[in-house]
Amino acid sequence: MTDTTVQQVSTGARLTVDLGALSANYRTLARMAAPAAAAAVVKANAYGLGARTVASTLERAGCRVFFVALLSEALDLKPVLGPGAEIFVLNGLQPGGEAACAQAGIIPVLNSLDQALRWRDLAVALGRPLPAAVQIDSGMSRLGLPAEEVAQLAAEPGFFEQAPLKLVMSHLACADDPYHQANFDQSQRFAALAGRLPPAPRSLANSSGVYLGHAFHNDLVRPGVCLYGATPPETAAGGTIKPVVGLTAQVIQVRDIPSGEGVGYGLVHRATAPSRIATISYGYADGWPRALSQVGAAYFKGVRLPIAGRVSMDSITLDVSALAARGIGLRGGDEVELLGPHQSLEDVAGQTGTIAYEILTGLSRRAARTYIDAPKAAARPAPQLVKAGS
Ligand SMILES: *Cc1c(COP(=O)(O)O)cnc(C)c1O
């Protein structure tokens, strides 16, 4: 099945999402986290892979708890998930969004005392309790209530009757470094501050946090990027993550150039021998970093094809001379591998000084997304998130 909303603007590039691998990664992370439950973070359109399809697939794999960044993302997702699914909005309750959030049964992650009181006021106005999550800032200084506000919230009369606490959470700043002292400091501070609130399920770990071990799992883990095939930190021990994403781009022209000829903007590449250059319909507007100019490569039948010259907005020139030497033909319409067995997200991220997350979320603006369906296995019941206050 193909996402028709992007198909009509396709460059001929194909972003392949392996839903079987996605489900397998979910089960791997859920197994590592058990007896804690495993949620799925599907913000930013499931890291670019299509939130609706990803979330439905994960729901079939047993996931019941989903995190997005924005209310708009939650509203988009709500209709495709079953009544048992819970959707939390990580970026919190923005002024003006309260009524829509309550109406749709979406759970805001309250990130400040102000947000908490606005949510409570709405519950009072509506005359019904509105479930909430509370995020505590355990040391990242990004989102969440600092210690003083946790104390103020705990002292707010009747607050948790109006806004029953579904989840208390925090986020680790350094989970990708298993030996970082901040992991232990944040975990301790989170436990201490969460202890000031009424009993509720707790959540601290993102993908790397799952690999930190049971001390970090609490009641619910919140993996994102590892679901989508990014590999955990090298130092991490635990389940193996399968690649989920493949990306191919279409060759739109092939030419032979003499030695000494320049290629692309700035003519920064000069052929040092008679060369064959292939131009593909993919560029930095499609999310392929310009920093890969003269550095990166594509692959065809396993042969490395270096990027010759600068990455353009909508096209990239490859030196494909190595193919002819091996007797492999390449024509317009052929597809070269940008992500796949020969080149991982981490390879590309490493070559451009960024992280797999940024490559992944930048990709699919124009590429047609093709989903490889998950095998129709019987859905396994998920370990339920412990119900708070009930
Ligand atoms: C994005 C995010 C996650 C998921 O992180 P990954 O590193 O992708 O697993 C979990 N929790 C919060 C608060 C986040 O912002």
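The buried residues of helix H4 (residues 51-60) pack against helix H2 (19-33), strand S3 (40-41), helix H3 (43-47), strand S4 (65-68) and helix H5 (71-77), where contact means heavy atoms within 4.5 Å. Helices (H or I, at least four residues) and strands (E, at least two) are DSSP runs, numbered from the N terminus. The model is predicted: local features need pLDDT of at least 70, side-chain atom pairs count only at pLDDT 80 or more, and totals for chains, interfaces and linings use all residues. Residues are numbered from 1 along each chain as its sequence is written, and side-chain values use heavy atoms, with hydrogens and water left out.

H4 is mostly covered, with 7 of its 10 residues buried; buried means under 20% relative accessible area, exposed over 50%, and partly exposed in between (1.4 Å probe, protein chains only). The buried residues are Ala51, Val54, Ala55, Ser56, Thr57, Leu58 and Glu59. Gly62 follows H4 and has a positive phi, near 115°.

In strand S6 (residues 107-110), Ile107 and Val109 point one way and Pro108 and Leu110 the other, and all are buried. In a regular strand the side chains alternate between the two faces of the sheet. Strands pair if DSSP finds at least two bridges between them. S6 is joined by 2 bridges to strand S5 (residues 86-89), and the two run parallel; Phe88 stands opposite Ile107. Another 2 bridges join S6 to strand S7 (residues 132-135), also parallel, and Ala133 is the bridge partner of Val109.

S5, helix H6 (residues 98-104) and S6 form a right-handed β-α-β unit, as do S6, helix H7 (residues 113-126) and S7. A crossover is right-handed if, with the strands pointing away from the viewer, the path from the first strand over the helix to the second runs clockwise.
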